[in-house]
Amino acid sequence: MKQKIALIAFGGNALLPEHQRGLQAEQMRNAQRAARLMVHIVRKGYELIIVHGNGPQVGNLLIQMEEAVTKVPPFTLEVCDAMTEGSMGFMLEKAIINELRRRSLDKEVATLITQVIVDRDDPAFENPSKPVGPFYTKFRAQALAREKKWKMIEDAGRGYRQVVPSPRPIDIVSKWIIRDLVRAGRIVIAGGGGGIPVIIDGRGLFKGIEAVIDKDYVASLIAREVKVDLFIILTNIERVYLDFGKPSQKPIEAMTAEQARIYLQEGQFPAGSMGPKIEAAVEYIRAGGREVLITSASHLKAALLGRSGTRITAS
């Protein structure tokens, strides 16, 4: 019998919500809650790949580095991506293993520090747009712009922030390792925070680059390469809506990839919110994927039974 494989993608705020302080104990408890959902998917008969975001976590790490800059040399953004991949992977891995043990399920979990190749000629490098890290004073921002060649912007009266490129992923360095592990029955945590962005230099060697990759695009790319059967995208709402936030808003229970593409062109799904998730879903389906499920964590169990969420299919 052919294995069924699911890939689930969720944001870093699942482990560090805005209303929490970010204490390690808080994130551990949040990881335990996430683990119960992950194991529920396994109990539904799926092998599992997990892709998580890291926005709040890498932001906090950059703040820590700025505060300690006179005592400890700071790391570049791609190394911070790797650090949060490791720390968040550990928290999720431990929580999932413990949940598996509680349920007497004999399964192993592996976290992969995942390098993701981007095109060094991606237009995003000419137009950095993703704010990261702490807020700076104007004086400090000007100094960093001179010293590190960072692009700095004033952010809504709160201070100045660095903005970095957000290129599209074009390949996953460890994609066959991910495939082999999940086919061997392991739960795989990979592509955390969108992975570590690398380019290929003129000698054909990998080189890390300061950028942020959208985790939904990376999740879609892994889903396509591994040929998963179900691509789950968790967000903060139960279903995708047309005219979201307006009196005319309407939930979508199901749509085809072509319908989703048309809604994207009509501006139904903004780039800063649902847009990347819908684009990631369409890319997966058009590459031969079977089904995308978009829902919230609290509605995932019902959505897996067809009672909630938005489903996107080829036809």
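Colleague: How many salt bridges does the count come to?

Modeller: A salt bridge is a side-chain nitrogen of Lys or Arg within 4 Å of a carboxyl oxygen of Asp or Glu. By this rule, the count comes to 20 salt bridges. This is a predicted model, in which local features need pLDDT of at least 70, side-chain atom pairs count only at pLDDT 80 or more, and totals for chains, interfaces and linings use all residues. Residues are numbered from 1 along each chain as its sequence is written, and side-chain values use heavy atoms, with hydrogens and water left out.

Colleague: Are arginine 102 and glutamate 99 buried or exposed?

Modeller: Buried means under 20% relative accessible area, exposed over 50%, and partly exposed in between (1.4 Å probe, protein chains only). Arginine 102 is exposed because its relative accessibility is 59%, whereas glutamate 99, at 5%, is buried. Their side chains meet in a salt bridge of 3.2 Å, N to O.

Colleague: Which residue forms a salt bridge with arginine 161?

Modeller: The partner is aspartate 155, with the closest N and O atoms 3.7 Å apart. Arginine 161 counts as buried at 16% relative accessibility, and aspartate 155 counts as buried at 13%.

Colleague: Which residues are linked in a network of salt bridges?

Modeller: Such a network links Arg168, Arg224, Glu279 and Glu283.

Colleague: What is the order of the strands in the open sheet?

Modeller: Strands of a sheet pair through backbone hydrogen bonds, either parallel or antiparallel. Here the 3 strands have the order E5-E7-E6, with antiparallel pairing. Strands are DSSP runs of E with at least two residues, numbered from the N terminus, and two strands pair if DSSP finds at least two bridges between them.

Terms used. Helix = DSSP H or I, 4+ residues; strand = E, 2+ residues; numbered from the N terminus.
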